[in-house]
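Please read the numbered points with the sequence and the model side by side.

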Amino acid sequence: MLGAAERQNQSLLCVGLDPDPAKFPAHLRGDASRIYDFCAAIVEATADTVIAFKPQIAYFAAHRAEDQLERLMAHMRAVAPQVPVILDAKRGDIGSTAEQYAIEAFERYGADAVTLSPFMGFDSVQPYLKYEGKGAFLLCRTSNPGGDDLQNQRLATVDGQPLLYEHVARLAQGPWNLNGQLGLVVGATYPAEIERVRELAPTLPLLIPGVGAQGGDAVATVRAGYRRQGDATTGPVIVNSSRAILYASSGDDFAAAARSEALRTRNVLEAARG
Ligand SMILES: O=c1ccn([C@@H]2O[C@H](COP(=O)(O)O)[C@@H](O)[C@H]2O)c(=O)[nH]1
């Protein structure tokens, strides 16, 4: 799906759906019952500019808007059937609970992929892999400064003493990737680490948040993560921007402004492919 959407829309851009009613345009501001309306307008305005959509579940759950997320997932299917939807849920729990989270992501919401924390080990990831054709992106080197606290620690007990994030990348490229369903999350705020992850995980899709509001360098991100080999490329690169697109305007023209910002970002990413 990623390859098809990338080709059809000529895009590496993922629009993140992080609806915060306090930031909505004036006629919707503060009204959590309009989360669906806001997001549906963004989806309609950007559907032909993206490789993927990424709704962040916290922004719906915090406002008791899970029913609106269900409707939005169905709407994305209808408006953009070719565009994969990555549910950003960052789940991670023992196997029996993970089975319930997998039902939530893939059966309740019908997501194509979900984000997971790998911290609890392979048995916490395995329940998601039972869903044929669905994907799981493991947090590897996240975009936030605090990612250093654990992800940049050296593992003295593992061969070669890799950094923790390097170990996650190797596991995801190798023994954990039973049916080719895994990808990795790497922050656009750390291009050198994106390059390292690409070395260790040449075929995996990389979900890369951090351009836009977090200030990550879009060009450096693509140069670090995107590889063309002959006519083929290595694993896809999915560069997420949420707030910079969603809140490009606080006026009635918010959807048109979101489209302009999405097109601008897409074009920067395209130019960086070389
Ligand atoms: O390392 C990570 C992992 C996930 N995120 C999520 O991506 C978006 C970023 O939003 P912006 O408004 O473009 O900053 C958000 O949903 C985060 O939860 C991340 O930023 N970094």
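Two strands are said to pair if DSSP finds at least two bridges between them. The structure discussed below is a predicted model.

1. **A pair of strands.** With that definition in hand, consider strand β4 (residues 113-116) and strand β5 (residues 135-141), which pair in the parallel sense over 4 bridges. One of the residues involved is Ala113, whose bridge partner in β5 is Gly135.

2. **The whole sheet.** In which order do the 8 strands of the open sheet stand? The order is β2-β1-β10-β7-β6-β5-β4-β3, with parallel pairing. From one strand to the next, the twist averages 30°.

3. **Strand β1.** How many of the residues of strand β1 (residues 13-17) are buried? The count is 5 of 5, and the strand is therefore mostly covered, given that a residue is buried if 20 or more other C-beta atoms lie within 10 Å of its own. In a regular strand, side chains alternate between the two faces of the sheet. In β1 both faces are covered: Leu13, Val15 and Leu17 are buried on one side, and Cys14 and Gly16 are buried on the other.

4. **The partners of β1.** Strand β1 pairs with β10 in the parallel sense over 3 bridges, and Cys14 stands opposite Asn240 in β10. With β2, strand β1 forms 4 bridges, again in the parallel sense. Here Val15 has Phe53 as its bridge partner in β2.

5. **Leu206 in strand β7.** Leu206 is found in strand β7. Is Leu206 buried or exposed? It counts as buried, because it has 25 C-beta neighbours inside 10 Å. Setting aside residues up to four places away in sequence, Leu206 touches Gly183, Leu184, Val186, Ile194, Val197, Arg198, Gly225, Gly235, Val237 and Ile238. By contrast, the C-alpha atoms of Leu206 and Glu44 are separated by 25 Å, and these two residues are 162 residues apart along the chain.

6. **The annotated position.** An unreviewed UniProt entry lists Lys90 for "active site"; such annotations may be inferred rather than shown by experiment. Lys90 lies in strand β3. It has 17 C-beta neighbours inside 10 Å and so counts as partly exposed. Leaving out residues up to four places away in sequence, Lys90 touches Thr115, Leu116, Ser117 and Leu139.

7. **An enclosed helix.** Why is helix α8 (residues 164-173) described as largely enclosed by the rest of the structure? The reason is that 7 of its 10 residues are buried. These buried residues are Tyr165, Glu166, His167, Val168, Ala169, Leu171 and Ala172. What covers them includes β5, α7 (148-151), β6 (182-186) and α9 (191-200).

8. **Arg196 in helix α9.** Arg196 lies in helix α9. With 19 other C-beta atoms within 10 Å, Arg196 is partly exposed. From C-alpha to C-alpha, Arg196 and Tyr165 are 9.7 Å apart in space, and they are 31 residues apart in sequence.

9. **Helix α10.** Helix α10 (residues 218-225) lies across β7 (206-209) and β10 (237-241), and runs at about 160° to β10. It also packs with helix α12 (residues 254-273) at an angle of about 40°, the axes being 9 Å apart. The two helices are therefore oblique to each other, and their crossing is right-handed. The contact involves Ala218, Val219, Val222 and Arg223 of α10 together with Thr265, Val268, Leu269, Ala272 and Arg273 of α12. An α-helix has 3.6 residues a turn, so residues three or four places apart point the same way.

10. **Helix α2 and helix α12.** At what angle do the axes of helix α2 (residues 35-46) and α12 cross? They cross at roughly 45° and come within 9 Å. Consequently, α2 and α12 are oblique to each other. This crossing is right-handed. Ala41, Ile42, Ala45 and Thr46 in α2 meet Ala255, Ala256, Ala258, Arg259 and Ala262 in α12.

Definitions and conventions:
Residues are numbered from 1 along each chain as its sequence is written. This is a predicted model: local features need pLDDT of at least 70, side-chain atom pairs count only at pLDDT 80 or more; totals for chains, interfaces and linings use all residues. Axes are lines fitted to C-alpha atoms, for helices over the stretch in contact, and angles run from 0 to 180 degrees between N-to-C directions. Two residues are in contact if their C-beta atoms, placed from the backbone, lie within 7 Å. A residue is buried if 20 or more other C-beta atoms lie within 10 Å of its own, exposed if 12 or fewer, and partly exposed in between; C-beta atoms are placed from the backbone. Angles under 35 degrees count as roughly parallel, over 145 as roughly antiparallel, 65 to 115 as roughly perpendicular and the rest as oblique. A crossing is left-handed if the near helix is turned anticlockwise from the far one by less than a right angle, and right-handed if clockwise.
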